[in-house]
Amino acid sequence: LQHTHYIPYSNPEKTELRNLMEVPSAELLSAHARWGQRFGKEIRTWLNTLQQTPHLIASHGHTIFHQPDQGFTFQLGDGYALQREVGLPVVFDFRSADVAAGGQGAPLVPFGEFHLFPTYEHFLNIGGIANGSSRGKDTMVARDISFANMWFNHSSQKRGWAFDENGEGAKQGVVCGSLYSQLLEESLSIPGSLSAELAMNSLRWIDAAGISAEDELRTELEVMLEVFRQKWNVQGTVLVTGGGAKNTFLLERMNQTLSANFVAAAPELIDFKEALIFAFLGLLRTRGEKNVFPSVTGAKFATSGGIFLP
């Protein structure tokens with residue numbers, strides 16, 4: 001990592017992104033073009049401050065729909081519009097090729113973990129969804145495990161917090177048994193990859209429970225731990241990245257209740273590991289090389305995923 005830069009979404013932008021699953025198709029396509037332009041302008045502004053020109057822009061985009069069982073996935077942020085703004089080669093739409101090959105289109109990050117972080121055996125990324133991967137001889141074994149910040153942030157916002165900093169809200173809460181049972185049963189019943197669409201039932205149950213935000217957070221956290229215990233109870237050291245790696249109470253509870261040693265990565269790697277890996281996947285796409293493990297995604301064959309605009 002040579003240079004990194006983070007631009008937060010504004011509150012109106014967060015609201016728009018949350019609501020795009022429900023808008024008419026023409027409005028969604030308009031937003032797709034507009035966000036591609038927005039990404040391009042932000043990248044161009046940043047590159048001007050650095051006075052550097054990269055070889056490639058690799059843009060994952062913001063996932064709105066992910067329904068691989070129906071044969072599609074959609075990440076907002078049109079790569080053509082982005083390229084018009086920056087005038088550089090762009091790779092985007094990384095997941096659709098794998099979905100078309102019968103895969104889940106996820107997770108893609110394990111391919112980068114395997115090649116870029118050879119000293120680690122296990123990896124955990126805690127974002128909206130927690131996903132884990134483990135090194136094999138020639139591939140990775142990986143899966144989506146549990147909803148994570150998708151739950152935590154939803155409950156935190158009821159207290160006016162953007163997120164539950166250090167897990168302090170969850171630490172103050174107690175487990176609601178009925179909600180715990182609902183969330184656990186739902187979480188264990190979902191096969192394959194997780195998505196915002198699949199989270200909607202659980203978010204409705206959380207809202208209907210009629211408990212404090214702190215109790216919601218603690219219940220969600222303990223459900224997540226039990227899902228881990230049943231779905232991904234690995235041994236040894238696990239490198240933890242994603243926003244959830246900064247949740248000190250969550251990591252403390254993981255190390256108390258699970259058999260692995262969960263270690264948060266360095267701060268810059270926590271924030272930018274996935275950006276780094278998608279840059280790597282984009283580079284492989286420009287070379288026409290495979291950039292996915294079909295053994296991980298369930299695809300019939302390996303693909304070189306992404307639309308490449310030279």
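**Covered, exposed and lined: reading the terms**

Q: What covers the buried residues of α6?
A: The cover includes β5, β7, α8 (177-189), α9, α10 and α11 (248-257). Helices (H or I, at least four residues) and strands (E, at least two) are DSSP runs, numbered from the N terminus. The model is predicted, so local features need pLDDT of at least 70 and side-chain atom pairs count only at pLDDT 80 or more, while totals for chains, interfaces and linings use all residues. Residues are numbered from 1 along each chain as its sequence is written, and side-chain values use heavy atoms, with hydrogens and water left out.

Q: Which residues of helix α6 are buried, and what puts them on the same side of α6?
A: In α6 (residues 149-156), the buried residues are Asn-149, Trp-151, Phe-152, Ser-155 and Ser-156. They share a side of α6 because they cover an arc of only 160° around the axis. The arc is taken from the directions from the helix axis to the C-beta atoms. An α-helix has 3.6 residues a turn, so residues three or four places apart point the same way.

Q: Why is Arg-218 called buried?
A: Buried means under 20% relative accessible area, exposed over 50%, and partly exposed in between (1.4 Å probe, protein chains only). Arg-218 has 17%, which is under 20%, so Arg-218 is buried.

Q: Where does Arg-218 lie, and with which residues is Arg-218 in contact?
A: Arg-218 belongs to helix α10 (residues 213-231). Leaving aside neighbours within four places in sequence, Arg-218 contacts Ala-170, Lys-171, Gly-173, Val-174, Val-175, Phe-249 and Arg-253. Contact here means heavy atoms within 4.5 Å.

Q: Is Gln-51 exposed or buried, and how do you know?
A: Gln-51 has 72% relative accessibility, over the 50% limit, so Gln-51 counts as exposed. Gln-51 lies in the loop between α2 (25-50) and β1 (57-59). Its phi is near 55°, a positive value in a residue other than glycine.

Q: Why is Asp-93 called partly exposed?
A: The relative accessible area of Asp-93 is 22%, which falls between 20% and 50%, so Asp-93 is partly exposed. Asp-93 sits in the loop between β4 (90-92) and α4, and has a positive phi of about 55° although it is not a glycine.

Q: What makes helix α5 mostly covered?
A: Six of the eight residues of α5 (residues 109-116) are buried. These are Val-109, Pro-110, Phe-111, Gly-112, Glu-113 and Phe-114. They pack against β5 (122-126), β6 (129-135), β7 (140-147), α12 (267-286) and α13 (294-297).

Q: Which residues have the most contacts inside the largest nonpolar core?
A: The largest nonpolar core has 60 residues, and those with the most contacts inside it are Leu-124, Phe-228, Met-254 and Phe-262. A nonpolar core is a set of buried Ala, Val, Leu, Ile, Met, Phe, Trp, Tyr and Cys residues joined through side-chain atoms within 4.5 Å. A second, separate core of 19 residues includes Ala-31, Leu-82, Val-86 and Leu-88.

Q: How do the residues of the lining of the second largest pocket divide?
A: They divide into four nonpolar, six polar and two charged. Ala, Val, Leu, Ile, Met, Phe, Trp, Tyr, Cys and Pro count as nonpolar, Asp, Glu, Lys and Arg as charged, and the others, Gly among them, as polar.

Q: Which peptide bond is cis?
A: The bond from Ala-106 to Pro-107 is cis, with omega near -10°. Pro-107 is in the loop between α4 (96-100) and α5.
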